[in-house]
Amino acid sequence: MDEIKILAIESSCDETAAAVVVNGRDLRSNVISSQIALHTLYGGVVPEIASRKHIEKINQVIEQALADASMTLDDIDAIGVTYGPGLVGALLVGVAEAKAISYAKNIPLVGVHHIEGHISANYIENPDLEPPFLCLVVSGGHTHLVKVVDYGKYEILGRTRDDAAGEAFDKVARAIGLGYPGGPKIEKVSHEGNPAAISFPRAKIADGEYDFSFSGLKSAVLNYLNGCRMKGIEINQADVAASFQQSVTDVLVGHARHAIRQYHMNKFAIAGGVASNGVIRAAMEQMCREEGVTFYHPSPILCTDNAAMIGAAAYYDFVAGKRSGLDLNAVPNLKLGES
Ligand code: KG4
Ligand code: ZN
């Protein structure tokens with residue numbers, strides 16, 4: 001088999017996605033059905049609604065991914081599916097679908113860790129990228145600074161102690177009246193604001209040099225807003241957004257720079273929904289230039305949830321001989337390195 005064609009499925013949160021990836025890096029199709037508009041009504045993802053929508057969309061999305069790749073299930077060598085972490089009801093839809101196809105067509109099944117997927121998104125557009133490298137994963141549910149030791153082998157250097165970076169974006173966006181999803185909205189209005197207007201904290205953790213904390217920052221923003229309201233001071237939404245975003249950026253860049261120096265790494269990558277933020281990307285790029293390190297980042301569409309990244313991760317698991325049985329189950333709180 002010189003070409004390994006993987007059909008990948010992702011349904012861990014509010015995107016129903018399927019993709020066909022050949023040999024881990026050659027993306028033949030990438031279909032994403034986003035539920036964002038539906039959840040916007042409620043100010044966040046409603047798990048029950050997400051599960052139901054996944055059921056409605058999954059067959060359609062898979063058929064489209066195969067059609068876009070000019071393939072049928074008979075061409076597929078393995079099925080990769082996210083089995084955790086994520087919303088249990090949402091994950092179950094993808095896992096059940098993948099198992100059904102695997103059983104009916106006798107195609108090997110590979111369960112994929114969602115965060116390993118985010119990291120592996122970097123392989124798709126960077127054919128030269130090989131481990132070892134450092135990767136900062138910043139999404140709605142996770143903030144991890146990871147050393148990618150080898151394909152499928154990860155060492156976690158730091159993680160958030162409370163809110164994930166994306167969660168902080170979403171909560172602050174709600175507090176300043178921007179609504180859901182917060183990240184892209186904060187980025188957009190921040191262009192009109194001054195990032196130095198308000199001095200929000202840059203949290204440091206005494207007993208975890210690579211760990212993050214964003215709940216203090218979120219509270220500082222809420223306190224600032226309350227203070228303004230009490231004093232009758234008009235709130236400049238753009239300044240708050242830009243100053244908050246700058247605080248997150250400084251902390252992320254600071255930790256990344258520290259790890260690059262400490263671990264003597266010459267490759268640094270970012271991943272996850274927050275990695276699509278232009279200000280954060282530009283700051284990371286500049287830091288990498290200063291440190292003499294090659295910077296890798298997926299296109300925005302491969303940063304937020306998608307199945308292409310799951311196909312990339314599944315390929316390296318597949319060639320390492322990893323297979324999942326038909327007893328594969330959703331694991332909502334699956335830890336990185338446990339898969
Ligand atoms: O990776 P992702 O799609 O889903 C998870 O695995 O969590 O990340 C979604 C998160 C949300 O919190 C969203 O607000 C954030 O990524 N996000 C952004 C941007 N686009 C998405 N955060 C900051 N700037 C953005 N442009
Ligand atoms: Zn994700």
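Is Val-221 buried or exposed? At 1% relative accessibility, Val-221 is buried (under 20% relative accessible area, with exposed over 50% and partly exposed in between, for a 1.4 Å probe and protein chains only).

## Basis

This is a predicted model, in which local features need pLDDT of at least 70, side-chain atom pairs count only at pLDDT 80 or more, and totals for chains, interfaces and linings use all residues. Residues are numbered from 1 along each chain as its sequence is written, and side-chain values use heavy atoms, without hydrogens and water.

## Val-221

Val-221 lies in helix α7 (residues 215–231). Helices are DSSP runs of H or I with at least four residues, numbered from the N terminus. Leaving aside residues up to four places away in sequence, Val-221 touches Val-172, Phe-200, Val-240 and Phe-244 (contact: heavy atoms within 4.5 Å). Between Val-221 and Ser-243 there are 9.5 Å, C-alpha to C-alpha, and the two are 22 residues apart in sequence.

## Helix α4

Eleven of the twelve residues of α4 (residues 114–125) are buried, so this helix is largely enclosed by the rest of the structure. Among the buried residues are His-114, Glu-116, His-118, Asn-122 and Tyr-123.

## Helices α6 and α8

α6 (residues 182–190) packs against α8 (residues 237–263) at an angle of about 115 degrees, with the axes 8 Å apart. Axes are lines fitted to C-alpha atoms over the stretch in contact, and angles run from 0 to 180 degrees between N-to-C directions. α6 is therefore roughly perpendicular to α8 (65 to 115 degrees).

In α6, Ile-186, Glu-187, Val-189 and Ser-190 meet Gln-237, Ala-238, Ala-241, Ala-242, Phe-244 and Gln-245 of α8.

Definitions and conventions
Chains are lettered from A and ligands numbered from 1 in the order in which they are written. Helices (H or I, at least four residues) and strands (E, at least two) are DSSP runs, numbered from the N terminus. Angles under 35 degrees count as roughly parallel, over 145 as roughly antiparallel, 65 to 115 as roughly perpendicular and the rest as oblique.
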